[in-house]
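Trainee: I have this model open and would like to go through it with you before I set anything up. Could we start with how the elements are named?

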Amino acid sequence: MQYGYFDQEQDEYVITRPDTPTPWINYLGSGEYGGIISNTGGGYSFYKDPAHCRLTRYRYNNIPADRPGRYLYLRDPRTEKFWNPGFQPTAAPLDFYECRHGLGYTVLNCEKDRLYSSVRYFVPENACFEIWHLKVKNFLPARRKIQVFSFAEFSFHDAAMDQQNVDWVQQINQGRCRDNLITWYTHMDPQKVTFFTCSQKPHSFDTNLESFIGPYRDYSAPAAVTAGTCFNSISRRTNGTGAFCHELTLEGNSSSELIFILGFSSEPDKIAGMVKPYLQSEQSRDAYKRLRQYWQNYTSKLQVKTPDADMNLFVNTWNQYQCKTTYNWSRFVSLYQLGFARGMGVRDSSQDILGVMHTIPKKARQKISRLLQCQYPEGKSYHLYFPLSGKGGEGDAPVKKYDWYSDDHLWLVLATNSYLKESGDMDFLKEKIPFNDSSDDSVAVHLHKAVSFTAAHLGPHQLALAGRADWNDGLNLDTGRGIAESIFTSLLYMRALRELIELYTYLKDDTTAAQYTAMYDKMKKAVNNAGWDGKWFLRAYDDQGNKLGSAACKRGQIFVNPQSWAVFSGAADIKQGNMILDAVDKKLNTPYGIVILEPAYQKFDANIGGLTTYPPGAKENGGIFCHTNPWVMIAAAMLGRGEDAFRYYKQILPAARNDRADLLEVEPYVYPQNILGREHPQTGIGRNSWLSGTASWNMVAAARYILGVRPDYNCLQIDPCIPRTWPGFKIRRVFRGAVYNIEVKNNRHVSKGVKQIIVDGEKRAQVPVFAAGSEHNIIVEMGD
Ligand code: GLC
């Protein structure tokens, strides 16, 4: 069943009925002021850090779901009927409903009783507030009155405290309203305010939630809306709201507009001046146009035209948009992550950076610098940090013998080297960056310490120690002895070393390159000696020295990650690589995606850890953990298996399942983190949409490995691996400020192999780095 469609002209996903199987959300803002908004207007807002500067509330595990939100109630005083443009929370039937999620904005359009309304929610660039721009149109020939009630439910800024210390919080909250401006603050800190304001003088207002909703009532029929007036309540404690009632008189067939602004300020005296221009219709529209231009420019750096329309849609628009969102918010704040527990993940953000590198490399550099500050001087890293407080944290996995995750620090190498290749900014290597104490050193030393930390923490088989967990948060093998080893981390370490070897070879520093090569070779030997199971690679050794991911195991006989990463790291030779990818295809692939392991564990096993808390087929225990799928696509592309790479790409592409959206349940315009696997009775259901490494790695798999356009230190590599049937494709790529218009011709119908490269009419061995500002035409002919 289908709930909507892609409007390609507008770059919007249009939801045509409100009763989607889960709330289908969008993100507002660009990483400073932020918020999520669902297709029925549910959602919440925050400034810079959802843990420490939460502006509005949201009840995550509530039934009815998806409440509260940025609500507008439209009321016809003549009939006393009222409804919401987003259907919720009144659930009053609408004559027409449509939600348009665009890049950084959402529009709810509806019609009821000949009154059309359209409200657009967005955050102007660099603003610390959001705009709700409402237009109403009277389709009746006669004059009529309409009431508009606007509503936001305020949160205490410390989001966890808002839930935990109700006694304190509800005695210090204060609200007031002056000159169309509602402010919400605490008795102890009146300078930090959440505010809500509007473009026209209201009829009435409320700042006290209890007054607006009324005793023993709820959002579906607030006392104020039912009565047709707010109560001008001033909150001296308890719960707060920003609510206005406006009365509009509309002539026959005429329209009117109202603008509301919700935001945060630590200079309350300046709010009125700051928002004034945006309360004018024209200027609000201009701010929206600038937002559209921002995204147009953002996505223009990479545009593809392949024979597959769904791939084009995702690479050109939606996957880029999701990548930017994960880059903004890591795994911090979504419908599934509450925005106060986790902070920004070091491992997660390091991977998210890969998905935005082609378009905002300078910002990527800043983020990498921030992440490198999470590193301890000995090379390991914090697991996460909170952007406002600046504090680092350690994550949830249990501490037994070791308190570190075995992988966090190694991802920093992948992110940094990707930046160096994209930008050519080798000076970054010399930049001094603090560690998480007061000491500092160059980026090159940070990276060196990262690999050295792993090199110094090997187990009995000379493989990387597992620590609290590796990429798989639920693999908590260290039970106190501290000898458990992770083959995944060993392979990630090899990939990081491979990056460093390439880097120092390019820099002609043969001594350093040789040092890293020796470390690489040593680990390659260990992985092949102790990690090879005969037909595929093992996953790990537990703390008792037992194998995980062996054909001899009862459960968890094969895991996907050591197979894809054996190819990606170079641990597997070509023969082994093909053998293990055959095994992956045979044992782990399903029509909905590749499962993470097989067969799943049946019950909780303390020697394995968190992943066995999940029932068979869910998440890390045999689910389709989508993040791992692009790694298989990359491995397949590296080995020239073009049909496989594209098949794996297409089978988890949400757009390709738009007509079966009821099965997946989550949004068809972004990747979910997981889909229930074949051992689960509800196979095919997706969850944790939006914030997942799936976004950036699918971007990497599609753009850099399937389409094969990869930045390198001294060239733009072009090495596609595509289905043989494709006649070719086109790609427009901005690289170091120059535009490359690339046309790949596959007249010989191969999967991989480049026969000839013609750059601006001349045959060349490779595509050179051109001066910023220039534009070039490249024709690539594929062939054996
Ligand atoms: C979640 C975590 C990520 C982890 C993955 C696998 O997506 O955010 O850090 O790598 O699960 O456990």
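Mentor: Helices, of at least four residues, and strands, of at least two, are DSSP runs that are numbered from the N terminus. With those labels, proline 64 is placed in the loop between E5 and E6.

Trainee: Fine, and what sort of peptide bond leads from isoleucine 63 into proline 64?

Mentor: The bond from isoleucine 63 to proline 64 is cis, and its omega is near 0°. Another cis bond joins glutamate 598 to proline 599, where omega is about -20°, and proline 599 sits in the loop between strand E31 (597-598) and strand E32 (624-625).

Trainee: Before I rely on details like that, what is the average pLDDT of the protein?

Mentor: Keep in mind that this is a predicted model. The protein averages a pLDDT of 97, and 100% of the residues score at least 70.

Trainee: Which elements have the lowest and highest mean pLDDT?

Mentor: Strand E22 (residues 392-393) has the lowest mean pLDDT among the elements, at 85, whereas helix H16 (residues 629-638) has the highest, at 99.

Trainee: Which sheet does E22 belong to, and in what order do its strands run?

Mentor: E22 belongs to an open sheet of 3 strands in the order E20-E21-E22, with antiparallel pairing. The edges are strand E20 (344-345) and E22, each of which pairs on one side only. Between E20 and strand E21 (residues 384-385), which run antiparallel, there are 2 bridges, and glycine 345 has leucine 384 in E21 as its bridge partner.

Trainee: Switching to charges, how many salt bridges does the structure hold?

Mentor: There are 45 salt bridges in the structure. One of them pairs arginine 292 with glutamate 12, with the closest N and O atoms 3.9 Å apart. Arginine 292 lies in helix H6 and glutamate 12 in strand E2 (residues 12-15), so this pair ties together parts that are 280 residues apart in sequence.

Trainee: Which residues are linked with them in a network?

Mentor: The network of salt bridges links Asp7, Glu12, Glu98, Arg100 and Arg292.

Trainee: Where else does a salt bridge link distant parts of the chain?

Mentor: Glutamate 130 and arginine 70 meet through their side chains in a salt bridge of 2.6 Å, N to O. Glutamate 130 is in strand E11 (residues 129-138) and arginine 70 in the loop between strand E5 (43-47) and strand E6 (71-76), 60 residues apart, and both glutamate 130 and arginine 70 are buried.

A further salt bridge joins aspartate 310 to lysine 650, whose closest N and O atoms are 3.4 Å apart. Aspartate 310 lies in helix H7 and lysine 650 in helix H17 (residues 642-651), so that pair ties together parts 340 residues apart in sequence. Lysine 650 counts as partly exposed, at 25% relative accessibility.

Trainee: Now pockets: what is the volume of the largest one, and which residues are closest to its centre?

Mentor: The largest pocket has a volume of about 830 Å³. It is lined by 30 residues, and Ser30, Gly31, Glu32, Asn328 and Lys363 are the closest to its centre. Helix H6 (281-300), helix H7 (309-329) and helix H9 (361-372) each supply at least two residues of that lining, which divides into 16 nonpolar, 7 polar and 7 charged residues.

Trainee: And what lines the second largest pocket?

Mentor: The second largest pocket holds about 710 Å³ of space. Its lining has 36 residues, with Arg342, Arg347, Asp396, Asp473 and Glu620 nearest the centre, and by class there are 12 nonpolar, 16 polar and 8 charged residues.

Trainee: Last topic, backbone angles: what is phi at asparagine 180 and at arginine 736?

Mentor: Asparagine 180 has a positive phi of about 65° although it is not a glycine, and asparagine 180 sits in the loop between strand E13 (173-178) and strand E14 (181-186). Arginine 736, likewise a residue other than glycine, has a positive phi near 50°. Arginine 736 is in the loop between strand E37 (728-735) and strand E38 (738-745), and at 22% relative accessibility arginine 736 counts as partly exposed.

Notes:
Residues numbered from 1 in each chain as written. Predicted model: local features only at pLDDT ≥ 70, side-chain atom pairs only at ≥ 80, totals over all residues. Heavy atoms only, no water. 1 Å grid on protein atoms, 1.4 Å probe; cavity = no way out; pocket = protein on both sides within 12 Å on 5 of 7 lines; lining within 4 Å. Points joined across faces, edges and corners; volume = space filled by probe spheres on them. Nonpolar A, V, L, I, M, F, W, Y, C, P; charged D, E, K, R; others polar. pLDDT = per-residue confidence, 0-100. Salt bridge = Lys/Arg side-chain N within 4 Å of Asp/Glu carboxyl O. Buried < 20%, exposed > 50% of the residue type's maximum accessible area, 1.4 Å probe, protein only. Pairing = 2+ DSSP bridges.
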